[in-house]
Amino acid sequence: MSAVFPVSPLSESVPESDVPSGKHLPHVRFLDRTVEVRPDETALDALLRGGVDVAFSCRGGVCHACLMHCREGTVPGDAQRGLSDHLKERKYLLACQCRPTSTLVLERPLPRDLRTTCVLTQVEGQGSPVLKLHFEPMRTLLYRTGQHLRLLTGGPDEPVLRLTSRPDDEWVLEAELDCPTGEPPVAWLRGDVPFGHEFEVWGPVEPDVVAGATDPCVASCHQVAGEPAGDVAAVTQGERPVHTELDAPRPDPGLWRELDEGRTVRRVLEDFYAQVYADDRLASFFEGVTMERAIGKQYSFLQEMLTGEKVYFGERPRNSHHWMVISDELLNYRQALMVATLEKHGLSPEQIARWTRVEEHWRRDLVKSAPWPRKIGEFEFPLHGFAKEVLSEGSMCDHCGSEVPSGTEVLYHLRLGTISCAACAPAVGRDTAQG
Ligand code: HEM
Ligand code: FES
């Protein structure tokens with residue numbers, strides 16, 4: 001797609017209901033839109049081609065941003081790869097991995113089904129009416145101080161944890177748990193502190209949501225009502241915490257010199273990105289980015305970080321990775337690949353630690369459980385959605401490859417920059433589900 005044109009949010013003006021063609025092809029319905037799924041498409045591809053605003057990030061089955069609940073239809077087995085048994089049983093699927101064999105009716109995840117496993121690290125105040133729990137969530141939880149988590153026990157009165165930590169300050173969360181009689185409401189908190197004990201929570205939500213609903217489903221229905229299509233995590237996890245961009249780490253010009261004034265850095269990056277582009281878990285993030293660009297940007301970024309010279313003219317990691325749902329685990333995986341590459345190129349353990357220190361500095365700007373908008377100053381750029389645009393010069397449809405002459409109206413995906421021609425986009429209908 002080569003055309004350049006200004007974009008404006010489309011909101012409600014996606015072409016309505018041309019009746020889906022191809023009677024023999026399955027359809028996928030999400031919210032109130034129905035799209036025919038072409039033989040080479042996933043459910044996510046079809047929805048995006050049709051201008052349906054759905055959450056996604058890696059498109060490789062890694063980040064789970066495209067997790068959806070299947071209300072009707074048969075879930076293809078591959079679409080559930082990597083999901084917990086809990087979600088599989090409840091007919092969840094990853095839209096980016098789903099090649100429907102029959103018509104599917106999909107919906108956003110039901111908040112009551114989304115749980116987070118946490119690991120207990122410390123307990124304070126045993127015997128007192130309020131216990132303080134310190135614990136690490138197994139995925140980044142976006143929360144605000146004062147929000148509540150429901151401790152999932154399977155019992156009728158599941159206790160509530162009040163979050164007291166500050167999202168920007170702490171990796172390990174802190175929360176209070178009421179024990180009016182001095183006796184903890186869950187058995188595993190009685191007696192010796194079970195350091196490393198795993199437990200599940202639901203939330204975070206505003207205090208009144210947990211307090212007012214004994215069934216999380218009730219709470220979730222209130223919370224989600226009227227929400228626009230958007231990221232799952234934002235729906236289930238409340239507002240994003242205020243997050244300021246990090247400053248650069250201290251330069252280490254000695255390391256740059258030791259790495260042959262950057263020549264070893266370039267060799268390492270060429271080798272590293274060759275592996276990244278061939279890697280099942282990482283490659284999909286780089287779709288549409290040439291390897292030369294990735295290497296070049298990373299090289300000048302590292303040069304600036306190590307030498308302190310202003311040679312990098314790209315965005316800071318928080319913005320350049322704004323849409324990428326990267327878990328701690330995925331970042332560790334990338335880190336292990338980098339360390340192995342550095343070893344291969346003869347760096348000493350001490351040099352590897354200094355290199356890793358620079359990359360590790362940015363962890364908090366990279367790891368997240370939902371995309372966040374690109375932000376410059378106070379201005380946030382749109383994260384999701386489509387615009388209807390008239391091409392100022394001829395281009396090609398990114399879905400069927402046909403030529404689109406200048407002056408034609410197309411559907412433009414704000415983040416991907418892809419266009420759907422008239423023949424591809426109108427395969428969308430409202431309330432025309434076949435299944
Ligand atoms: C799993 C981890 C990571 C993934 C999946 C990832 C992915 C990507 C992708 C796809 C791009 C290209 C963006 C574009 O050109 O539009 C990129 C650019 C970049 N990444 Fe990462 N990255 C990861 C970790 C890191 C780390 C740890 C650092 C810090 C050293 C980093 C620094 C950068 C920089 C400086 C750019 C260039 C930004 C720009 O073009 O303005 N990335 N990354
Ligand atoms: S798992 Fe589907 S977009 Fe990442």
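Author: Start where two helices meet. Val265, Arg266, Leu269, Glu270, Tyr273 and Tyr277 in helix 7 meet Met291, Ala294, Ile295, Gln298, Tyr299 and Leu302 in helix 8. By class, this contact of helix 7 with helix 8 holds 9 nonpolar, 1 polar and 2 charged residues. Keep in mind that the model is predicted.

Now the geometry. Two packed helices are described by the angle between their axes and the distance between the axes. For helix 7 and helix 8 the angle is about 140°, and the axes are 10 Å apart. Angles over 145 degrees count as roughly antiparallel. Helix 7 and helix 8 are therefore oblique to each other. Their crossing is right-handed.

Helix 7, residues 263-277, also packs on helix 10. Here the angle is about 140° and the axes are 10 Å apart. That makes helix 7 oblique to helix 10. Helix 7 passes helix 10 in a right-handed crossing. From helix 7, the contact takes Val268, Asp271, Phe272 and Gln275. From helix 10 it takes Leu337, Met338, Thr341 and Leu342. These residues divide into 5 nonpolar, 2 polar and 1 charged.

Go on to the next partner. Helix 10 packs on helix 11, residues 349-360. The angle is about 150°, with the axes 11 Å apart. Helix 10 and helix 11 are therefore roughly antiparallel to each other. This crossing is right-handed. Gln335, Val339, Leu342 and Glu343 of helix 10 make the contact with Ile352, Trp355, Thr356 and Glu359 of helix 11. By class there are 4 nonpolar, 2 polar and 2 charged residues in the contact of helix 10 with helix 11. Leu342 of helix 10 is part of the contact with helix 7, and Leu342 is part of the contact with helix 11.

Next, the ligand. 22 residues surround ligand 1. The closest are Lys297, Phe301, Gly314, Glu315 and Ser320. Helix 8 supplies the largest share, 5 residues. By class, the shell has 13 nonpolar, 4 polar and 5 charged residues.

Now leave the helices for the strands. Strands of a sheet pair through backbone hydrogen bonds, either parallel or antiparallel. A closed barrel of 6 strands runs 6-7-10-9-8-11, with antiparallel pairing. Neighbouring strands of this sheet are turned by 45° against each other on average, direction ignored.

Strand 6 (residues 115-124) and strand 7 (residues 130-137) pair over 6 bridges, in the antiparallel sense. Cys118 stands opposite Pro137 in strand 7. Strand 10, residues 173-178, pairs with strand 9 over 3 bridges, antiparallel. Leu161 has Leu177 of strand 10 as its bridge partner. Strand 9, residues 160-163, is joined by 3 bridges to strand 8, residues 148-152, and the two run antiparallel. There, His148 has Arg162 of strand 9 as its bridge partner.

Most residues other than glycine have a negative phi, and most peptide bonds are trans. A cis peptide bond joins Gly203 and Pro204, with omega about 5°. Pro204 lies in strand 11, residues 198-205. Arg59 is another case to check. Its phi is positive, about 55°, although Arg59 is not a glycine. Arg59 sits in the loop between helix 1 (43-49) and strand 3 (67-72).

3 strands form an open sheet in the order 14-17-18, with antiparallel pairing. Its edge strands are strand 14 (386-390) and strand 18 (419-420), and each pairs on one side only. Strand 17, residues 409-413, is joined to strand 18 by 2 bridges, and these strands run antiparallel. In strand 18, Ser420 is the bridge partner of Leu411.

Terms used
Residues numbered from 1 in each chain as written. Chains lettered and ligands numbered in written order. Predicted model: local features only at pLDDT ≥ 70, side-chain atom pairs only at ≥ 80, totals over all residues. Near = placed C-beta within 6 Å. Helix = DSSP H or I, 4+ residues; strand = E, 2+ residues; numbered from the N terminus. Nonpolar A, V, L, I, M, F, W, Y, C, P; charged D, E, K, R; others polar. Pairing = 2+ DSSP bridges. Axes fitted to C-alpha atoms, helices over the stretch in contact; angles between N-to-C directions. Parallel < 35°, antiparallel > 145°, perpendicular 65-115°, else oblique. Left-handed = near helix turned anticlockwise from the far one by under 90°. Contact = placed C-beta atoms within 7 Å.
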